Amino acid sequence: MSVAAAEADREAERAEVHEQRALGFWLYLMGDAVIFSLLFATYAVMVNNSDGGPTGRTLFSIRNAGLETILLLVSSTTFGFASLAMRAGSRAETMSWLLLTFGLGLAFVGLEMREFYGMVQAGAGPDRSGFLSAFFTLVGTHGLHVSIGLVWILILAGQVMAKGLTAPVTSRLFRLGLFWHFLDIAWVGIFSIVYLPGLL
Amino acid sequence: MERSTTGHGSFGSYLIGFVLAVILSAIPFYLVYTHALPAQQTLLVIGVAAVLQILVHLRFFLHLNLALTPRENLLAIAFTAILVFIMVGGSFWIMFDLHYRMGG
């Protein structure tokens with residue numbers, strides 16, 4: 001490729017990136033990042049206030065946390081592949097990757113629900129201690145985000161099927177991608193601040 | 001599809017991000033699982049691996065790039081970082097100082 005052509009390609013690239021800057025949605029994500037940061041701070045302040053009740057060492061399972069980590073990370077990658085298929089204009093491939101992402105996300109939420117249910121059954125619900133209130137608020141807020149993301153994936157998969165990869169649909173998929181990748185970043189914080197130190 | 005642009009990543013860049021994230025998750029999980037290091041050092045490794053993994057996610061999944069990401073988005077993330085620093089740092093300062101003064 002000649003220097004001029006490379007430069008033109010870069011220009012086109014810049015224009016495309018600028019068009020996809022999604023500033024409004026980006027600002028929403030930053031607001032969400034502030035919310036998660038404060039929930040992390042609350043958890044860090046409350047983590048030792050277990051009121052003589054169960055602590056992370058007995059409640060958390062490294063196997064469960066590890067599985068959840070893998071599911072979310074793989075789903076983030078498969079969403080990346082969905083974005084690539086979308087840009088390549090392949091409707092069927094985009095759908096397949098989206099549905100795979102949905103399945104992985106659903107498995108994640110399933111594992112989390114099972115964990116929460118087991119804890120509540122064992123008398124370690126959010127009303128047991130300050131530690132558990134902070135735990136359920138933080139991890140539950142993340143789980144709620146993932147659940148909303150799942151509904152969102154289904155809606156957009158429906159739009160890809162019904163409308164095809166039109167400009168509005170690809171633009172929405174781009175924002176959903178930002179949201180989904182962002183949730184995996186929040187999860188990195190959760191296993192690094194909640195699960196792993198709790199099991200140490 | 002094979003355009004390996006920094007703007008949105010390619011098959012290869014997603015794979016690189018995935019592999020790096022797997023490694024940066026496996027190390028802290030392994031250390032906690034085996035208790036191979038003293039607790040203090042393990043905590044340090046967990047923290048460093050988390051920061052590195054977040055950078056990997058920002059670079060390879062969210063395609064954040066100092067040259068190509070629009071300036072207003074970078075400004076927003078910088079402003080968020082300042083807010084988080086003030087609010088989280090301030091909360092810790094107040095709460096742990098209170099804890100200390102209450103003789104806890």
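Select chains A and B of this predicted model together. Where they meet, 40 residues of chain B are in contact with 38 residues of chain A. On the chain B side, the elements that give two or more residues are α1 (11–34), α2 (39–60) and α3 (71–101). Of these, α3(B) gives the most, with twelve residues. Colour the chain B side of the contact by residue type: 27 of its residues are nonpolar, twelve are polar and one is charged.

Now hide chain A and keep chain B. Its secondary structure consists of three helices and zero strands, in the order α-α-α from the N terminus on. The radius of gyration of chain B is 19 Å, whereas the globule rule gives 13 Å for 104 residues, so chain B is more spread out than a compact globule. Along the principal axes, the C-alpha atoms of chain B fill a box of roughly 60 × 40 × 15 Å. Of the 104 residues of this chain, 20% count as buried.

Colour chain B by domain next. Domain 1 covers residues 1–69 and domain 2 covers residues 70–104. The C-alpha centres of these two domains of chain B lie 24 Å apart. Among the contacts in chain B with a separation of 6 or more, 61% join residues 24 or more positions apart.

Stay with chain B and select two histidines. His35(B) is in the loop between α1 and α2 of chain B, and His63(B) is in the loop between α2 and α3 of chain B. The phi of His35(B) is near 55°, a positive value in a residue other than glycine. The phi of His63(B) is also positive, near 55°. Is His35(B) buried or exposed? His35(B) is exposed, because it has 11 other C-beta atoms within 10 Å and the limit for exposed is 12 or fewer. His63(B) has 23 C-beta neighbours inside 10 Å, so His63(B) counts as buried, the cut-off being 20 or more.

Bring chain A back and select the largest nonpolar core, which has 63 residues. In soluble globular proteins, nonpolar side chains tend to be buried together. Which elements each supply at least two residues of this core? They are α2, α4, α5 (91–121), α6 (130–163) and α7 (167–199) of chain A, together with α1 and α2 of chain B. The largest share, 15 residues, comes from α7(A). Within the core, the residues that touch the most other members are Phe135(A), Leu138(A), Ile190(A), Phe191(A) and Val194(A). Centre the view on Ile190(A): leaving aside residues up to four places away in sequence, Ile190(A) touches Leu138(A), Val139(A), His142(A) and Tyr195(A).

Move to helix α4 of chain A, residues 62–87. This helix has 26 residues and reaches 38 Å from its first C-alpha to its last, close to the 38 Å expected at 1.5 Å a residue. Just after α4(A), select Gly89(A), which takes a positive phi of about 80°.

The last stop is Gly53(A), in the loop between α2 (23–46) and α3 (56–59) of chain A. Gly53(A) has 15 C-beta neighbours inside 10 Å and so counts as partly exposed. Apart from residues up to four places away in sequence, Gly53(A) touches Ala124(A), Arg128(A) and Ser129(A).

Technical notes:
Residues numbered from 1 in each chain as written. Chains lettered and ligands numbered in written order. Predicted model: local features only at pLDDT ≥ 70, side-chain atom pairs only at ≥ 80, totals over all residues. Helix = DSSP H or I, 4+ residues; strand = E, 2+ residues; numbered from the N terminus. Expected span 1.5 Å × (residues − 1). Contact = placed C-beta atoms within 7 Å. Nonpolar A, V, L, I, M, F, W, Y, C, P; charged D, E, K, R; others polar. Core = buried A, V, L, I, M, F, W, Y, C linked by C-beta atoms within 7 Å. Domains from an automatic or database assignment. Rg over C-alpha atoms; globule rule 2.2 N^0.38 Å.
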